[in-house]
Amino acid sequence: SRGKDLAGLKVLVTAGATRERMDPVRYITNDSSGKMGFAICEAARDRGADVTAVFGSVSVPVPERVRKVPIESAQDLYDAMMKEAPGHDVIIQAAAVCDYRVDDKKATKIKKKAGEPLVLTLTENPDVAKAVGEIKKEGQILCGFAAETDHVKQNAQAKLKKKNLDLIIANDVTVPGAGFNVDTNIASLITEKGTEELPLMRKRELADVILDKVMEMRK
Ligand code: PMT
């Protein structure tokens, strides 16, 4: 057992999917269930950390005995993280953030016009992890995930740099048993120093391996 090796640490975790509304009843989102982020919350909590979970739409229960900050959109996530990040020692961003939002959100339900296409224009959302990287404080450890479908390692390495992260956990979301909405994952832990390829394991076990790496980097 890893014991209470995270006692006294404040750990901030993002989980789930953001929702980008087009009107009061419709939105754009993705397949994130919250399982990966919540597994990290549980692992950190069980090892003695004070955990804050910032979570969007999820399909599994929110863990007990963690501070809960629910959000809906990428903009909400940005606002929450700008407020929360400075007060935490370790930040792990597993949320699947929509890169775009609907440009012109309607206050009332969009009416169907038979025979006519509906055209939506999408605007870029803030890159939350990058913004957190820009306000990184001495001693903080920042981690992100990279959900990739191709050139996994190269794309993840680029994100590590661009977002000023200490660790990025890359997962190929096209492989069965990895990525969205399953209980297992296949990941690589990528730092400036190198890459560690991990076998298929339960998300709860991967969570502990990620926290082991974080603790090693804090030394
Ligand atoms: O929730 P589950 O069903 O368990 O699925 C887990 C998961 C597949 C969602 C998870 O393992 C994962 O890969 N999460 C990251 C999803 C993602 O948004 O990846 P990305 O490669 O697009 O983003 C890279 C990093 O930047 C991520 O840490 C992300 O949180 C962050 N990001 C991305 C875009 C954006 N606008 N702002 C961000 O902060």
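One term before we click anything: two residues are in contact if their C-beta atoms, placed from the backbone, lie within 7 Å. What you have loaded is a predicted model, where local features need pLDDT of at least 70, side-chain atom pairs count only at pLDDT 80 or more, and totals for chains, interfaces and linings use all residues. Residues are numbered from 1 along each chain as its sequence is written.

**Stop 1: Gln93.** Select Gln93, in strand 6 (residues 90–93). Helices (H or I, at least four residues) and strands (E, at least two) are DSSP runs, numbered from the N terminus. Leaving aside neighbours within four places in sequence, Gln93 is in contact with Thr14, Ala129, Cys143, Gly144 and Phe145. Is Gln93 buried or exposed? With 27 other C-beta atoms within 10 Å, Gln93 is buried; the cut-offs are 20 or more for buried, 12 or fewer for exposed, and partly exposed in between, again with C-beta atoms placed from the backbone.

**Stop 2: Cys143 and the core.** Hop to Cys143, which touches Gln93 and, among others, Ile91, Leu165, Ile168, Ile210 and Val214. Cys143 belongs to the largest nonpolar core, 59 residues, where Val13, Ile40, Cys143 and Ile168 touch the most other members. Helix 1 gives this core its largest share, seven residues. A nonpolar core here is a set of buried Ala, Val, Leu, Ile, Met, Phe, Trp, Tyr and Cys residues joined through C-beta atoms within 7 Å.

**Stop 3: helix 5.** Now pick residues 203–218, helix 5: 16 residues, reaching 22 Å from first C-alpha to last, close to the 22 Å expected at 1.5 Å a residue (that is, 1.5 Å times one less than the number of residues). Colour its buried residues, Lys203, Leu206, Ala207, Ile210, Leu211 and Val214. They cover an arc of only 140° around the axis, which puts them on the same side of helix 5; the arc is that of the directions from the helix axis to the C-beta atoms.

**Stop 4: helix 2.** In residues 74–84, show Ala74, Leu77 and Met81, which are buried. Look down the axis of helix 2: these buried residues fall within an arc of 50°, so they line one face. They pack against strands including strand 1 (10–15) and strand 4 (50–55), and against helix 3.

**Stop 5: the ligand.** Finish with the 27 residues that surround the ligand; Ser33, Lys35, Val128, Ala129 and Gly144 are the closest. A residue counts as near if its C-beta atom, placed from the backbone, lies within 6 Å. Strand 9 supplies the largest share of this shell, four residues.
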